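Reader: Please show me the structure. I would like to go through its aromatic rings.

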Amino acid sequence: MKILLLGGSSFLGRAYAAEALARGHRVTTFNRGRSAADLPGVEAVRGERDSGDDLARLAEGRRWDAVVDTSAQQPAQAALSARLLRGRADHYTLVSSVHAFADWPARVIDEDSAPHPCPAGTPPGRPPGNTLKAGCERAVLAGFGAERTLVLNSGLLVGPHENGGRLPWWLERMARGGRVLAPGNPRRTMQVIDVRDFAAFGLDLLTAGTAGRFVTTAPPGRLRFGEWLETCRTVAGAADTELVWVGDGPLLAEGPDRVDPWSELPLWAPDLPELAGVWLADTTRAQAAGLRCRPFTETARDTWEWLRTRGPAEDTDAAGRKGRPDAPVRQGIEPAKEQRLLAAFG
């Protein structure tokens, strides 16, 4: 098949490109050429996806069997690409997120859960937010047609080339050794999916011409937070690495050493009503359609091997945004703060 990847060089897009090339497909990528290098073997076209002129230049003289959109963040972007590409491809895969559902993460969600009320016609340049994914979905469905559109609501993606920094942070923290603050309940279940398994499932559906919606993450209850941390310690830990478990309460107490869930200690989801469904998304439909997830041990090992080749991550900046409201929050707790908490509660 001939496949167009909107994005295609960074993390999920890279995983799609690698899997598609391995299956013998012909792959075109469309990106700015800034995030990462395109894989050898793709036709790389440079441009801005916000630019109608750039997208028209991309489409001129080309046709694809399918489009895979891993990079839409604004409904206006999704609407533009769907409008300009609908006559140039037969199928459109939009990678959305569980963030698109209004009830997530407080409640269990499935494909029939209500999305956020974000319209397809939302003006461009909106501040980043979960609601925008729902607007992207509406824009693609309106522009490309439900009968030719596949929406994959992704859960938490991990694996080699991860750019979210969550699994890499834990692996590199374990490698530094010493006493490691392990937050919350070790028996709390998690849902994470290897980016390579996500891409393989998405391409299976694409090549079958499947339309519709799939909540795409690992089945609930498959992994516990304690297993996550122990696996990271085993894979990357120094000889003196020791997990020190501290309950939710002390870490959430108001004060200068209060810890922000999810980001300061990545993927720590305290037992709070507003996070009751964070790791309980219903994946029944995806499993029935053939979704298969490799053991987390394999994902952790492969990610650590990639990190050792890539080199150390940048220094932790728990505050994260460096004055830019649109910049992603960087992961990880400041070492001095971690040591204070260990001294007080560990």
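Reader: Is Trp245 buried, partly exposed or exposed?
Author: This is a predicted model, where local features need pLDDT of at least 70, side-chain atom pairs count only at pLDDT 80 or more, and totals for chains, interfaces and linings use all residues. Residues are numbered from 1 along each chain as its sequence is written, and side-chain values use heavy atoms, with hydrogens and water left out. Buried means under 20% relative accessible area, exposed over 50% and partly exposed in between, with a 1.4 Å probe and protein chains only. The relative accessible area of Trp245 is 30%, so Trp245 is partly exposed.

Reader: What kind of pair do the rings of Phe225 and Trp245 form?
Author: Phe225 is buried, at 3% relative accessibility. Rings of Phe, Tyr and Trp (its six-membered ring) pair if their centres lie within 6.5 Å; planes under 30 degrees apart are stacked, over 60 edge-to-face and the rest tilted. For Phe225 and Trp245 the centres are 6.1 Å apart and the planes at 80°, so the pair is edge-to-face.

Reader: How many residues apart in sequence are the parts that this pair of Phe225 and Trp245 ties together?
Author: Helices (H or I, at least four residues) and strands (E, at least two) are DSSP runs, numbered from the N terminus. Phe225 lies in helix H7 and Trp245 in strand E13 (residues 242–246), so the parts tied together are apart by 20 residues.

Reader: Which residues do ring pairs link into a cluster?
Author: Trp170, with a relative accessible area of 0%, is buried. The ring pairs link four residues into a cluster: Trp169, Trp170, Phe225 and Trp245.
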